[in-house]
Amino acid sequence: MLNPTHLSKIGKPDLIRLIAEKMNMTQRSSQMFLDTFFEVLMEHLHQRKEIVLPGFMRISIKKRAKRTARHPKTGKVINIPEKEVIQIKAGNKLVQVIES
């Protein structure tokens with residue numbers, strides 16, 4: 001299992017470079033691919049469509065019900081309205097990568 005203290009982050013430039021290397025393409029082509037991929041994901045989420053990448057992840061929009069809460073400093077009861085949130089659920093293959 002991965003140790004969280006040894007994790008480092010990977011940014012968009014790193015993804016572009018790695019995709020270019022793996023697919024033997026230019027970094028410009030890789031950037032166009034990645035930008036298009038993200039654009040398509042965002043367009044489908046905007047249309048409230050679920051995105052399913054089998055084994056990898058499921059991205060959907062869920063409604064969070066309205067609720068009441070207390071302001072931590074004043075203790076005053078506040079109403080929190082209904083809200084749409086993005087839910088990302090890891091697929092089996094993705095989970096197995098971090099468990100091995």
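Helices here are DSSP runs of H or I with at least four residues, strands are runs of E with at least two, and both are numbered from the N terminus. The model described below is predicted.

## Overall fold

The chain contains 3 helices and 5 strands. Their order along the sequence is α-α-β-β-β-β-β-α. The chain is more spread out than a compact globule, because its radius of gyration is 19 Å, well over the 13 Å that the globule rule gives for 100 residues. Along the principal axes, the C-alpha atoms fill a box of roughly 60 × 35 × 25 Å.

Of the 100 residues, 12% count as buried. Among contacts with a separation of 6 or more, 33% link residues 24 or more positions apart. The accessible surface of the chain is about 8,700 Å². Carbon and sulfur atoms account for 58% of that surface.

## The largest pocket

The largest pocket has a volume of about 230 Å³. Helix 2 gives the most, with 4 residues.

The lining consists of Phe37, Phe38, Leu41, Leu45, Leu53, Phe56, Met57, Ile59, Ile86 and Ile88.

Leucine 15 is in helix 1, which covers residues 12–23. Is leucine 15 buried or partly exposed? Leucine 15 counts as partly exposed, because its relative accessibility is 31% and the partly exposed class lies between under 20% for buried and over 50% for exposed. Leaving out residues up to four places away in sequence, leucine 15 touches Ile10, Ser30 and Leu34. Threonine 36 lies 21 residues from leucine 15 in sequence. The C-alpha atoms of that pair are 14 Å apart.

Glutamate 21 is also placed in helix 1. Glutamate 21 counts as exposed, because its relative accessible area is 52% and the exposed class starts over 50%. Arginine 70 is 49 residues from glutamate 21 along the chain, and their C-alpha atoms are separated by 52 Å.

## Positive phi in two loops

Most residues other than glycine have a negative phi. Asparagine 24 has a positive phi, near 55°. Where does asparagine 24 sit? Its place is the loop between helix 1 and helix 2. Asparagine 24 has a relative accessibility of 73%, so it counts as exposed.

Arginine 48 also has a positive phi, near 65°. Arginine 48 belongs to the loop between helix 2 and strand 1 (51–53). With 48% relative accessibility, arginine 48 counts as partly exposed.

Serine 60 lies in strand 2. Why does serine 60 count as buried? Serine 60 counts as buried because its relative accessibility is 7%, and the buried class takes values under 20%.

Which residues are in contact with serine 60, leaving aside neighbours within four places in sequence? They are Glu50, Val85, Ile86 and Gln87. One of these contacts, Ile86, also lines the largest pocket.

Glycine 75 is in the loop between strand 3 (67–70) and strand 4 (77–80). Its relative accessible area is 30%, so glycine 75 is partly exposed. Glycine 75 and isoleucine 51 are 24 residues apart in sequence. From C-alpha to C-alpha, that pair is 40 Å apart in space.

Definitions and conventions. Residues numbered from 1 in each chain as written. Predicted model: local features only at pLDDT ≥ 70, side-chain atom pairs only at ≥ 80, totals over all residues. Heavy atoms only, no water. 1 Å grid on protein atoms, 1.4 Å probe; cavity = no way out; pocket = protein on both sides within 12 Å on 5 of 7 lines; lining within 4 Å. Points joined across faces, edges and corners; volume = space filled by probe spheres on them. Rg over C-alpha atoms; globule rule 2.2 N^0.38 Å. Buried < 20%, exposed > 50% of the residue type's maximum accessible area, 1.4 Å probe, protein only. Contact = heavy atoms within 4.5 Å. Areas by Shrake-Rupley, 256 points an atom, 1.4 Å probe, with all protein chains shown as cover.
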